[in-house]
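Please read them beside the sequence and the coordinates.

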Amino acid sequence: VVLECGEGCNKLKVGDRVCGIIKVPEHQAGTWAEKTTAPEKDVCLLEDDSISFVDAAAVAMGAFVDNDMITHAASALSEGCRCLVVGASGALGTVMLQMLRKYKGHITAVCSGTNAEMVQRMGANEVIDYTKKPFDEQLATAEKFDVVFDFVGGKEIEGGAATLLKRGGFFITAVGDRKWVGDRQLTCGEFSSSCCGFICRSLCSCGSPYKYVISQAYPPLTEAIWKAAVVDTGARAAIAEEIPFAEAPLRESLRRVATHHAGGRVVINFEKR
């Protein structure tokens, strides 16, 4: 809730409900605090009272990243298109499933079998359980896909997806060629290899049967993105857990997130005691 507005603030007023994504590289104050500051242009007004602050916090990053990925795939996304979502049960994947529903196409979700029912509720027409055997082997005889959205990362995922794409289709990744990117600091050689690979595949597509794109959107989360991704679609992120801002639950929740099987967003709720 807006507590105070600075000079020149003409869009928001005290008492407005808002959300956003802090631009950490620009050294803005973080969000693990009861109060923070942000430029007015970087904040989205929550006009719909039906969306709670917990829902808004959980869905914001999915709306931001997924909207960028869908924008890159726009030329391939038409009514009846076929999309494959790898890592569909995560916080980004569940939002993507809901955003893709408007195209009235076929959505195949790759996740563990334990999350099959959830991703079907979110919009998946078909679920592939990767724990049984590689998803590309299970889909080897299926009709080819227009777009593959990757939320897992790694060369193995891209290699498997490449065999399932139509000629001229899109492989769009939120993470790149390193599985579980961000888990550890890359060596100089690993970082250089990833950068070179990305540049080569993105800029030199000669002879490649599909287009490779890595999402590189940079905050803020604008009101236009919020409307397209959340307001117009009704998308919500899967929420695994709400925790209070206290040391013990924070430590436990971070361990859960580090497993990559949290089952959705873990939200720090400052109103939870």
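1. Pro-220 is found in the loop between S8 and H7. Helices (H or I, at least four residues) and strands (E, at least two) are DSSP runs, numbered from the N terminus.

2. Some conventions apply throughout. This is a predicted model, in which local features need pLDDT of at least 70 and side-chain atom pairs count only at pLDDT 80 or more, while totals for chains, interfaces and linings use all residues. Residues are numbered from 1 along each chain as its sequence is written, and side-chain values use heavy atoms, with hydrogens and water left out.

3. The structure holds two aromatic pairs. Rings of Phe, Tyr and Trp (its six-membered ring) pair if their centres lie within 6.5 Å; planes under 30 degrees apart count as stacked, over 60 as edge-to-face and the rest as tilted. Phe-171 and Tyr-212 make a stacked pair, at 5.8 Å centre to centre and 20° between the planes. Phe-171 belongs to strand S7 (residues 165-173) and Tyr-212 to strand S8 (residues 210-214), so this pair ties together parts that are 41 residues apart in sequence. Phe-171 is buried, at a relative accessible area of 1%, and Tyr-212 is buried as well, at 7%. For these labels, buried means under 20% relative accessible area, exposed over 50%, and partly exposed in between (1.4 Å probe, protein chains only).

4. Phe-245 and Phe-270 also pair: their ring centres are 5.0 Å apart and their planes stand at 40°, so the pair is tilted. Phe-245 lies in the loop between strand S9 (239-243) and helix H8 (247-258), and Phe-270 in the segment after strand S10 (265-268), so parts that are 25 residues apart in sequence are tied together. Phe-245 counts as partly exposed, with 41% relative accessibility.

5. Which rings have an arginine over them? The charged end of Arg-17 sits over the ring of Phe-53, 4.7 Å from its centre, and Arg-82 lies over the face of Phe-145, at 4.6 Å from the ring centre. The criterion is that NZ of Lys or CZ of Arg is within 6 Å of the ring centre and within 35 degrees of the ring normal.

6. H8 passes a length check. Its twelve residues should span 16 Å at 1.5 Å a residue, and the end C-alpha atoms are 17 Å apart, which agrees. The expected span is 1.5 Å times one less than the number of residues. Just after H8 comes His-260, with a positive phi of about 65°. His-260 is placed in the loop between H8 and S10 and is partly exposed, with a relative accessible area of 27%.

7. Lys-104 is another residue to check on the backbone. Its phi is near 55°, a positive value in a residue other than glycine. Lys-104 is found in the loop between helix H2 (91-100) and strand S4 (106-111), and it counts as exposed at 63% relative accessibility. Tyr-103 has its place in the loop between H2 and S4, but counts as buried at 14%. Tyr-103 and Cys-81 are 22 residues apart in sequence and 7.1 Å apart in space, C-alpha to C-alpha.

8. Cys-111, in strand S4, is buried at 2% relative accessibility. Asp-146 is found in strand S6 (residues 145-150) and counts as buried at 14%. The C-alpha atoms of Asp-146 and Leu-77 are separated by 7.7 Å, at 69 residues apart along the chain.

9. The second largest pocket has a volume of about 210 Å³. On a 1 Å grid over the protein atoms alone, a pocket is an open set of points where a 1.4 Å probe fits, with protein on both sides within 12 Å along at least five of seven lines; lining residues have an atom within 4 Å of a point. Grid points are joined across faces, edges and corners, and a volume is the space filled by probe spheres set on the points.

10. What makes up the lining of the second largest pocket? Its residues divide into six nonpolar, one polar and five charged. Ala, Val, Leu, Ile, Met, Phe, Trp, Tyr, Cys and Pro count as nonpolar, Asp, Glu, Lys and Arg as charged, and the others, Gly among them, as polar. Helix H7 (residues 223-231) gives the largest share of this lining, five residues. The lining residues include Leu-45, Asp-48, Trp-226, Lys-227 and Gly-234.
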